[in-house]
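This briefing covers the aromatic contacts, the ligand site and a few individual positions of one protein model. Please read it alongside the structure shown here.

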Amino acid sequence: MDTKEIKSKFNSLFGNEFRVYTSSGRINLIGEHTDYNGGFVFPGAIDKGIYAAINPNGTDRIRAYSMDYAAMSEFGMTEADAPKEAWARYIFGVVREMQKRGFEPKGFDTVFAGDVPLGAGMSSSAALESTFANALNDIYNLGIDKFELARIGQSTEHNYCGVKCGIMDQFASIFGKEGHLMRLNCATMEFEYFPFNPKGYKVVLLDTVVKHELASSAYNKRRESCENACAHIKAKHQKVNYLSDATMSMLDEVKDEISNEDYMRAKYVIGEKQRVLDVCAALEKGDYETVGDRMYGTHYGMSKEYEVSCEELDYLNDIAKECGVTGSRVMGGGFGGCTINLVKEGLYDKFIATAKEKFNARFGHEPKVYNVVISDGARRLE
Ligand code: GLA
């Protein structure tokens, strides 16, 4: 994204001294709703993000201008002085979470904008948190390590935005590296970079452009189901700290103690753990057919067991299957947003044309198409 407009807006509002920072949205190849269950995720940062010009203002207040909302928010750094605007709470939350950890960022002025589509499941909010976490850490020499920066973003979601999310999005946004996906073990936080350049294939996102209401409360409810199933298993198997530590037979032992709904949620999570491992092994051999097969497996599980898909996403998945696309599934939290598709280059044009036509005929608008470019995460630009 060109940062010219951000800079000239900063100039007109606050003067000509500033630094520019950015952080990215993310994709996730596989490993969905596994992060808060101590499982594996396989994300990468993308070439769409949030960009911010920032400068300390010598006060204990923050003046933030959002180019996308064409709106200013001014707020303090205490709970009593929180912003009213939902978008500003992400910035406020980052500041508060830093303070809670004993760090002392000071007041600043900022102008920011983004090109991560909102509500599309590409984590625009993590990009926003990571941009500011990284920028404040740098500007005030706070010395916060990268994992803690990611946790600051995650706690912002928990405590200021009402989503009890896992660590995947903020991790990807902070640690992202051009041309690489990252396999993260969310129980130990060990991770590995995987070069990702599937020869002969394209990775494309199809955005339903729908975001269903109550997505965050439904998300939190899924998390509760998992924690409940895990607690029952732990009562019998003390070594199980996260649901991802459990096996299907352990889950079956507690089947009668938990609701069918909780059982189905847990079944999905345990299955998803194996799918991520299968994909990693297949990638090392260049076996994209297996990668694609597991992606379809994830879609089925998210739709029928975890129940976070929707009509529009299921339809895009059906179209992909009919066209012979190698792999396709709902990406991110669900309840709308995108499918991620692994498509042979020779099939790409036909798939996109068919998806647009059929989706439009049924829902009255075309899906948006985003080609994925794996890029760097949080950084200072100038
Ligand atoms: C959202 C959350 C993540 C993760 C995904 C599902 O993006 O923010 O922590 O749980 O959903 O994998």
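Which residues form one aromatic cluster? They are Tyr69, Trp87, Phe108, Phe112 and Phe132. The model is predicted, and the structure holds 20 aromatic pairs.

**Aromatic pairs**

- Phe147 and Phe191 make an edge-to-face pair, with 6.1 Å between the ring centres and 75 degrees between the planes.
- The two partners come from distant parts of the chain, 44 residues apart: Phe147 belongs to helix H4 (residues 146-160) and Phe191 to strand E8 (residues 190-195).
- Tyr268 is buried, at 0% relative accessibility.
- Tyr306 is also buried, and its relative accessible area is 0%.

**Lysines over aromatic rings**

- Lys177 places its charged end over the ring of Tyr193, at 4.6 Å from the ring centre.
- Lys255 lies over the face of Tyr263, and here the distance to the ring centre is 4.6 Å.

**Ligand site**

- Which residues surround the ligand? The shell consists of Arg26, Glu32, His33, Asp35, Tyr36, Cys165, Gly166, Met168, Asp169, Tyr219, Gly332 and Gly333.
- Sorted by class, this shell contains four nonpolar, four polar and four charged residues.
- The side chain of Arg26 has an N or O atom 3.0 Å from an oxygen atom of the ligand.
- Asp35 has a polar side-chain atom 2.5 Å from a ligand oxygen atom.
- For Tyr219, the distance from a polar side-chain atom to an oxygen atom of the ligand is 2.6 Å.
- On its own the ligand has 310 Å² of accessible area, and the protein covers 91% of that.

**Individual positions**

- Where is His237? His237 sits in the loop between helix H6 (215-236) and helix H7 (248-253).
- His237 is partly exposed, with a relative accessible area of 24%.
- Between the C-alpha atoms of His237 and Ala82 there are 44 Å, and the two residues are 155 residues apart along the chain.
- Ser217 is part of helix H6.
- At a relative accessible area of 41%, Ser217 is partly exposed, because exposed means over 50%.
- Ser217 and Lys164 are 53 residues apart along the chain, and their C-alpha atoms are separated by 9.1 Å.

Terms used: Residues are numbered from 1 along each chain as its sequence is written. This is a predicted model: local features need pLDDT of at least 70, side-chain atom pairs count only at pLDDT 80 or more; totals for chains, interfaces and linings use all residues. Side-chain values use heavy atoms; hydrogens and water are left out. Rings of Phe, Tyr and Trp (its six-membered ring) pair if their centres lie within 6.5 Å; planes under 30 degrees apart count as stacked, over 60 as edge-to-face and the rest as tilted. Helices (H or I, at least four residues) and strands (E, at least two) are DSSP runs, numbered from the N terminus. Buried means under 20% relative accessible area, exposed over 50%, partly exposed in between (1.4 Å probe, protein chains only). A charge sits over a ring if NZ of Lys or CZ of Arg is within 6 Å of the ring centre and within 35 degrees of the ring normal. A residue is near a molecule or strand if one of its heavy atoms lies within 4 Å of it. A polar contact is a pair of N or O atoms within 3.5 Å; within protein, one must be able to donate a hydrogen and the other to accept it, and residues adjacent in sequence count only if both atoms are side-chain atoms. Accessible areas come from the Shrake-Rupley method with a 1.4 Å probe; for residues, only the protein chains shown count as cover. Ala, Val, Leu, Ile, Met, Phe, Trp, Tyr, Cys and Pro count as nonpolar, Asp, Glu, Lys and Arg as charged, and the others, Gly among them, as polar.
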